[in-house]
Amino acid sequence: MYDYIINGGKKLHGEVTISGSKNASLPILAATIISGKTTKLYNVPNIEDVKITLKILETLGCKIKRDKNKVLINSKYMTKTRIPDELMRKLRSSVIIAGAIIARFKSVEFSYPGGCDIGARPIDLHLENFKKIGVNINENSSYIECKCDKILTKNIQLDFPSVGATENLMLASVLGNHEITINNSAMEPEIVDLANFLNRAGAKIYGAGTNIIKIKGVERLKEVSYKIMPDRIEAGTFLIAGAITGGTIKVNDVVPEHIAPVVAKLRECGCEIITDKKSIYLSAGKKLKAVDIKTMPYPGFPTDLQPIFSTLLTISKGTSIITENIFENRFKFIQEIKRMGAKATIEGKTLVIKGVKKLHPANVESTDLRGGAALVIAGLSAKGKTRVKKLQYLLRGYEDFDKKLRLLGADIIREEGD
Ligand code: UD1
């Protein structure tokens, strides 16, 4: 296990290039199964979650070649349709692979997925959708067994615009003679990226990015090359890192529109921000002000940036109220930030933060992926030596995190921990 040792209190300055999106890569990697051909993907981040997904694809029989951020996947010889339990447990989004296997083989077996502990993460919506489009599901054995003869034409209403459930349904419905309509679909940019990828390969998916998606089944998909979109959560993380250290930074290779609510809140906090077509420049305000945040499905404030933004608010003047509407257990990180002097109380799905002048260094432990990034951000702001333990969470989702921070002037090293 690794720790980060941060000698905090240094302002970040300079430019950073954002990597490909984790949350777009995972469903697109799953989608490469459907064609039974070779797919070339560019801008795939070198992170643990991608490694686990590639391992699952390999276990199923896909041939993978990887050269830095370029990945070649040949799914022609894939024959297995059971996702091994030990790999399923390592990653929440492994469930998305099930939809892709159904599309190609009309049969899949998988167990309940694992992932970060940020609240109950059921897959009921995924399974209900499968049933609605004609998939028979047997949950009585240790594996969930899904089988279908053909995908049925259906008009589906999602109870909640779940990102994963929308993606899984899109994947399962790509091939066939049917027409599926998903009402109240998730509108996240990663859904658009998945639809763009599939459409380039010959799928007929309309309306991605709106709350109604239509999928007309096609006979087959073809070989395709595709570049993954930039990671909006990584971009937001670096902007907040710039803000909390009182720095001036420019993030490149980003789609500013994707993080518009975060930019708006940073401005409200007192930061000066200039956005360009593919970059965002931030100069931290002299005095940061408290702001209120409510996490919402896209285009609302993203839950994944809540822990990181909340950390910025611990040193912003005044009282901030953060309402977490997506995951009920996403305030765990705050106990660790309190060890660094933050003042905050949790009331149900609300976090009330009373801004303090500064944080002080401490030994802290990551609780989950974005919670881990929040601790690093806190460490960058606190003058002195902070140790952030349990980096395994953070490494799931950030490519070269410490290296990129060092290029911006941070004093951060990775060290073997207990
Ligand atoms: C995806 C993102 C994650 C992000 C989240 C919300 C990936 C790999 N992960 O996760 O980073 O935080 O969207 O933007 O893309 N729910 C159910 N039943 C279901 C499915 C979901 O009740 O079958 C609930 C969840 O418990 C949660 C809410 O719906 O409360 C949102 O979950 P969802 O949008 O599905 O998130 P993920 O796809 O898991």
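Predicted model: local features only at pLDDT ≥ 70, side-chain atom pairs only at ≥ 80, totals over all residues.
Let's start with the ligand. There are 19 residues around it, and the closest are Asp-124, Ser-162, Gly-164, Asp-304 and Ile-326. If you sort that shell by class, you get eight nonpolar, six polar and five charged residues.

Where does the ligand sit relative to the domains? Domain 1, which is 2–19 plus 230–416, and domain 2, which is 22–227, both contribute residues to the shell, so the ligand lies between them. As for helices, H5, at 124–132, and H6, at 163–172, each bring at least two shell residues. H5 gives the most, with three.

Ile-326 has a polar backbone atom 2.6 Å from a ligand oxygen. Pro-122 also uses its backbone, with an N or O atom 3.2 Å from an oxygen of the ligand. With Asn-23 it's the side chain: a polar atom there is 3.0 Å from a ligand oxygen. On its own the ligand would expose 740 Å², and the protein buries 86% of that.

Okay, on to the proline, Pro-256. You'll find it in the loop between strand E14, 248–252, and helix H9, 260–269. Is Pro-256 buried or exposed? Its relative accessible area is 13%, so we call it buried, the cut-off being under 20%.

So what does Pro-256 touch, leaving aside neighbours within four places in sequence? That would be Thr-275, Asp-276, Lys-277, Lys-278, Ser-279 and Ile-280. Take Thr-275: it's 19 residues from Pro-256 along the chain, yet their C-alpha atoms are 6.6 Å apart.

That's it from me, thanks.

Technical notes:
Residues numbered from 1 in each chain as written. Heavy atoms only, no water. Near = heavy atom within 4 Å. Polar contact = N/O pair within 3.5 Å; in protein donor to acceptor, adjacent residues only side chain to side chain. Areas by Shrake-Rupley, 256 points an atom, 1.4 Å probe, with all protein chains shown as cover. Helix = DSSP H or I, 4+ residues; strand = E, 2+ residues; numbered from the N terminus. Nonpolar A, V, L, I, M, F, W, Y, C, P; charged D, E, K, R; others polar. Domains from an automatic or database assignment. Buried < 20%, exposed > 50% of the residue type's maximum accessible area, 1.4 Å probe, protein only. Contact = heavy atoms within 4.5 Å.
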